[in-house]
Amino acid sequence: MDPDGYRPVWVLAFYDQAELDSLALSAYLTLGDYPTAEFLAHRCLAALRTHMRRSHAITTTRLAHAQLAQGDFEAAADNARKVPADAATQHARVSRILQEFGAARASAATQGWTEHTRKVRKATP
């Protein structure tokens, strides 16, 4: 395949480098290669277009998951807190991953995360 060949506008509008990094991030999380997943998450977040709020929330959540799996509880909790409350409660992929933080109470950061989720749940109608 010619990398410089013609691509329809709809392909270029969706499958940019950020999307490819997001797909790879998901695969590396599944494989349990958390350092590579974390790298891809950072690269994806740097390339995501600002209007892609849901993708931003999913990628940030996956970044936190990769950090949590590596034992970096503080960074994971900090990134998890960056996910907007509406995304954390309305998107199944996001809320499912964030629920893992409730099980990881190994540090003050994750305990702070538990308090944060309680406040979000109370504030959500």
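Helix α4 has 17 residues and reaches 24 Å from its first C-alpha to its last, close to the 24 Å expected at 1.5 Å a residue (the expected span being 1.5 Å times one less than the number of residues). Helices here are DSSP runs of H or I with at least four residues, strands are runs of E with at least two, and both are numbered from the N terminus. The model is a predicted one, in which local features need pLDDT of at least 70 and side-chain atom pairs count only at pLDDT 80 or more, while totals for chains, interfaces and linings use all residues. Residues are numbered from 1 along each chain as its sequence is written, and side-chain values use heavy atoms, with hydrogens and water left out.

Staying with α4, 12 of its 17 residues are buried, so the helix is largely enclosed by the rest of the structure. Buried stands for under 20% relative accessible area, exposed for over 50%, and partly exposed for what lies in between (1.4 Å probe, protein chains only). The buried residues of α4 are A57, I58, T59, T60, T61, R62, L63, A64, H65, A66, Q67 and L68. For L68, the buried label follows from a relative accessible area of 12%. L68 and E100 are 32 residues apart in sequence, and their C-alpha atoms are 8.9 Å apart in space. Just after α4, G71 takes a positive phi of about 85°.

The protein chain holds nine helices and zero strands, and 38% of its 125 residues count as buried. Its accessible surface comes to about 7,500 Å², with 56% belonging to carbon and sulfur atoms; areas come from the Shrake-Rupley method with a 1.4 Å probe, and for residues only the protein chains shown count as cover. Of the contacts with a separation of 6 or more, 55% are between residues 24 or more positions apart, a contact being heavy atoms within 4.5 Å.

Within α3, the buried residues are A37, E38, L40, A41, C44 and L45. Seen down the axis of α3, these buried residues fall within an arc of 165°, so they line one face of the helix; the arc is that of the directions from the helix axis to the C-beta atoms. The buried residues of α3 pack against α2 and α4 (53-69). On the face turned away from the buried side, α3 carries the exposed residues F39 and A46.

Charged pairs come next. A search of the whole structure finds four salt bridges, each defined as a side-chain nitrogen of Lys or Arg within 4 Å of a carboxyl oxygen of Asp or Glu. One of them joins R49 and D16, with the closest N and O atoms 3.1 Å apart. This pair links distant parts of the chain, 33 residues apart: R49 is in the loop between α3 and α4, and D16 is in the loop between α1 (9-14) and α2. R49 counts as partly exposed because its relative accessibility is 29%, whereas D16 is buried, with a relative accessible area of 19%.

Another salt bridge is formed by R43 and D21, whose closest N and O atoms are 2.7 Å apart. R43 lies in helix α3 and D21 in helix α2, so this pair ties together parts that are 22 residues apart in sequence. D21 is buried, with a relative accessible area of 2%, while R43 is partly exposed at 37%. The side chains of D86 and R53 also meet in a salt bridge (3.5 Å, N to O). This pair again links distant parts of the chain, with D86 in helix α6 (residues 85-90) and R53 in helix α4, 33 residues apart. D86 counts as partly exposed because its relative accessibility is 35%.

Finally, the surface itself deserves a look. W10, Y15, L20 and L23 make a nonpolar surface patch of about 460 Å². Patches are made of residues with over 30% relative accessible area and no salt bridge, with like charges joined within 9 Å and nonpolar side chains (Val, Leu, Ile, Met, Phe, Trp, Tyr) within 5 Å.
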